[in-house]
Amino acid sequence: MRHLGYVIADEPTPGRLERFAVNPVFPLLATMMTTTLFGMGWFVLNSFALGSTRKAREFAYVAAGVLGYAALIAGFATLHWKGIISDATEYYCVQLVLAWKLLFAYWLQESQSLSFEIFQHYGGKPARGFMALIAAFVLRMFVRDWIPDEWLMVLA
């Protein structure tokens, strides 16, 4: 067994995925500009890549964000279908769903930014998140035409 030397309890421990670590701003922007599932999935990958000590909390944020997002969409769609929510109030329901998604994305970005700063401080080289963000955004524009209109809100 090798000697690890001095270890800080909250110091991130990057592993094999270290080369995929990006600034957490990019998954936040991906959640805003591409799809919720892509952005939240990128947060999970980034958590592993950074070796974040807050993985459990970040996974809980992702789970709550995605499940709550889906539940809000299903709930509002059901209420709209039953005629409880009118077309005039549908706009506000959509805004609430988007606020829910962005709230959890922002919490994840804040949580990962601490690990990212330590990662960079100790010589970690971040990947080019901007290139992945642009590629995902362009891909979304092409794939969007294949998705039925009913599913656009779910995948947005």
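View 1. Thr 34 sits in the loop between H1 and H2. For Leu 139 the C-alpha separation from Thr 34 is 8.9 Å, at 105 residues apart along the chain. Leu 139 belongs to helix H5. Leu 139 counts as exposed because its relative accessibility is 53%.

**View 2. H1 packs against H2**. Helix H1 covers residues 25–33, and helix H2 covers residues 36–50. Their axes lie 7 Å apart at an angle of about 165°. H1 is therefore roughly antiparallel to H2. Axes are lines fitted to C-alpha atoms, for helices over the stretch in contact, and angles run from 0 to 180 degrees between N-to-C directions. Under 35 degrees counts as roughly parallel, over 145 as roughly antiparallel, 65 to 115 as roughly perpendicular, and the rest as oblique. The H1 and H2 crossing is left-handed: the near helix is turned anticlockwise from the far one by less than a right angle (clockwise would be right-handed).

**View 3. H2 also packs with H4**. Helix H4 spans residues 87–121. The angle between H2 and H4 is about 20°, and their axes are 10 Å apart. H2 is thus roughly parallel to H4. This crossing of H2 and H4 is left-handed.

**View 4. A nonpolar surface patch includes Phe 130**. Its members are Phe 130, Met 131, Ile 134, Val 138, Met 141 and Phe 142, and its area is about 610 Å². Patch residues have over 30% relative accessible area and no salt bridge; like charges are joined within 9 Å, nonpolar side chains (Val, Leu, Ile, Met, Phe, Trp, Tyr) within 5 Å. A salt bridge is a side-chain nitrogen of Lys or Arg within 4 Å of a carboxyl oxygen of Asp or Glu. Accessible areas come from the Shrake-Rupley method with a 1.4 Å probe; for residues, only the protein chains shown count as cover. Phe 130 lies in helix H5, residues 129–143. Phe 130 is partly exposed because its relative accessibility is 47%.

**View 5. The chain has six helices and zero strands**. Helices (H or I, at least four residues) and strands (E, at least two) are DSSP runs, numbered from the N terminus. Of 156 residues, 31% count as buried.

**Notes.** Residues are numbered from 1 along each chain as its sequence is written. In this predicted model, local features need pLDDT of at least 70, side-chain atom pairs count only at pLDDT 80 or more, totals for chains, interfaces and linings use all residues, and side-chain values use heavy atoms, without hydrogens and water.

Technical notes. Buried < 20%, exposed > 50% of the residue type's maximum accessible area, 1.4 Å probe, protein only.
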